[in-house]
Amino acid sequence: MSAEHSTERRILMAMRKTLGKIIRDLTPSDSAVQYPLSDDTVEDVKKCFDLIAARERELAQQAGLNVQDRPHFIDEERTTNIVSMQGLKKRAD
């Protein structure tokens, strides 16, 4: 990945994290309290997150990274079954 793309990736990550923190700080803890942002502003923020994610995917694809990888929890059920090859013997015909 070039230095330019690396810098852009860091900028996008910082923007995403900062925007997320702003939204968390503005979200009232009590559901009875009115949300301080208008519906139009909320939609604009969602569009910003979509644009950031799209550009991050583009940069990952240009770098040859698999964009389908997702983090997994340790206790998450596995969808694959790993079979050990150790201890298998060749069958005599």
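A pocket is an open set of grid points where a 1.4 Å probe fits, with protein on both sides within 12 Å along at least five of seven lines. The structure here is a predicted model.

**Exercise 1.** State the volume of the largest pocket and find which elements line it.

Solution. 
Step 1. Take the volume: the largest pocket has about 220 Å³.
Step 2. Look at the lining. It holds 10 residues, and those closest to the pocket centre are Arg-9, Glu-56, Arg-57, Ala-60 and Leu-65.
Step 3. Assign elements. Helix 1 and helix 2 are the ones that give two or more residues to this lining.
Step 4. Name the main contributor. Helix 2 gives the most, with 4 residues.
Step 5. Sort by class. The lining has 5 nonpolar, 4 charged and 1 polar residues.

**Exercise 2.** Work out how helix 1 and helix 2 are oriented to each other.

Solution. 
Step 1. Locate the helices: helix 1 spans residues 3-26, and helix 2 spans residues 39-62.
Step 2. Compare the axes. They come within 10 Å and cross at roughly 155°.
Step 3. Apply the cut-off: angles over 145 degrees count as roughly antiparallel. Helix 1 and helix 2 are therefore roughly antiparallel.
Step 4. The crossing of helix 1 and helix 2 is left-handed.

**Exercise 3.** Describe the residues in the contact of helix 1 with helix 2.

Solution. 
Step 1. Start with helix 1. Its contact residues include His-5, Glu-8, Leu-12, Leu-19 and Ile-23.
Step 2. Turn to helix 2. Among its contact residues are Val-45, Phe-49, Ile-52, Arg-55 and Gln-62.
Step 3. Classify the whole contact: 10 residues are nonpolar, 5 charged and 3 polar.

Key
Residues numbered from 1 in each chain as written. Predicted model: local features only at pLDDT ≥ 70, side-chain atom pairs only at ≥ 80, totals over all residues. Heavy atoms only, no water. Axes fitted to C-alpha atoms, helices over the stretch in contact; angles between N-to-C directions. Parallel < 35°, antiparallel > 145°, perpendicular 65-115°, else oblique. Left-handed = near helix turned anticlockwise from the far one by under 90°. Contact = heavy atoms within 4.5 Å. Nonpolar A, V, L, I, M, F, W, Y, C, P; charged D, E, K, R; others polar. 1 Å grid on protein atoms, 1.4 Å probe; cavity = no way out; pocket = protein on both sides within 12 Å on 5 of 7 lines; lining within 4 Å. Points joined across faces, edges and corners; volume = space filled by probe spheres on them.
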